[in-house]
Amino acid sequence: MTMNIQIYGKSKCFETKKAQRWFQERRIRFQLVDLPRKGLSPRELQSVKAAVGGLDALIDPKAPEAATLRYLALDSQKEERLLEDPSLLRTPIVRNGKQATVGYCPDIWKTWE
């Protein structure tokens, strides 16, 4: 089975660098997407949200606006903010087709091989 890995991350993010290294060490090709510059499309956000069990898993707890974002009543409002400001997303977001993880998750990635 071929994997189609995309790593959405931030250049200064330690966890993103760790994820890149994990895939490189296993000679698994991946596409790196600069999250602050490119962001996620609405469809990508929906797909990742479904794979990781909801929006709250996607919010970076270290982001200055994270607390405010969590208190927005509607998911649609949260999604709007995450699409407008990708720096609020926790990284890395690693996608393999319909599967996705948030953060450094080598135990899950191993099951993709």
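**View 1. Elements covering the buried residues of helix α3 in the predicted model.** Among the elements that cover the buried residues of α3 are helix α5 (75-84) and the strands β3 (93-96) and β4 (99-102). The buried residues of α3, which spans residues 42-52, are L45, V48 and K49. These residues lie on the same side of α3, because they cover an arc of only 105 degrees around the axis. On the other side of the helix, R43 and A50 are exposed. Just after α3, G53 takes a positive phi of about 85 degrees.

View 2. Four strands, in the order β2-β1-β3-β4, form an open sheet in which the pairing is mixed. The edge positions are taken by β2 (30-34) and β4, each of which has a single partner strand, so one side of each is left without a neighbour in the sheet. From one strand to the next, the twist averages 15 degrees. Strands of a sheet pair through backbone hydrogen bonds, and this pairing is either parallel or antiparallel.

**View 3. The pairing of β1 with β2, and the helices packed on the sheet.** Strand β1 (residues 5-9) runs parallel to β2, to which five bridges join it, and the bridge partner of I5 in β2 is F30. Helix α1 (residues 14-25) packs on the sheet, where it touches β1, β2 and β3, and the direction of α1 makes about 160 degrees with that of β1. Helix α3 also packs on the sheet, touching β1, β3 and β4, and the direction of α3 makes about 80 degrees with that of β4.

**View 4. The largest nonpolar core and the surroundings of L58.** The largest nonpolar core has 18 residues, of which L40, L58, L82, L89 and I93 touch the most other members. Two or more residues of this core come from each of the elements α3, α4 (66-70) and β4. When residues up to four places away in sequence are not counted, L58 touches L45, V48, K49 and V52, together with L88, L89, R90, I93 and V102. L45, V48 and K49, listed here as contacts of L58, are also the buried residues of α3.

View 5. In soluble globular proteins, nonpolar side chains tend to be buried together.

Technical notes: Residues numbered from 1 in each chain as written. Predicted model: local features only at pLDDT ≥ 70, side-chain atom pairs only at ≥ 80, totals over all residues. Heavy atoms only, no water. Buried < 20%, exposed > 50% of the residue type's maximum accessible area, 1.4 Å probe, protein only. Arc of directions from axis to C-beta. Contact = heavy atoms within 4.5 Å. Pairing = 2+ DSSP bridges. Axes fitted to C-alpha atoms, helices over the stretch in contact; angles between N-to-C directions. Core = buried A, V, L, I, M, F, W, Y, C linked by side-chain atoms within 4.5 Å.
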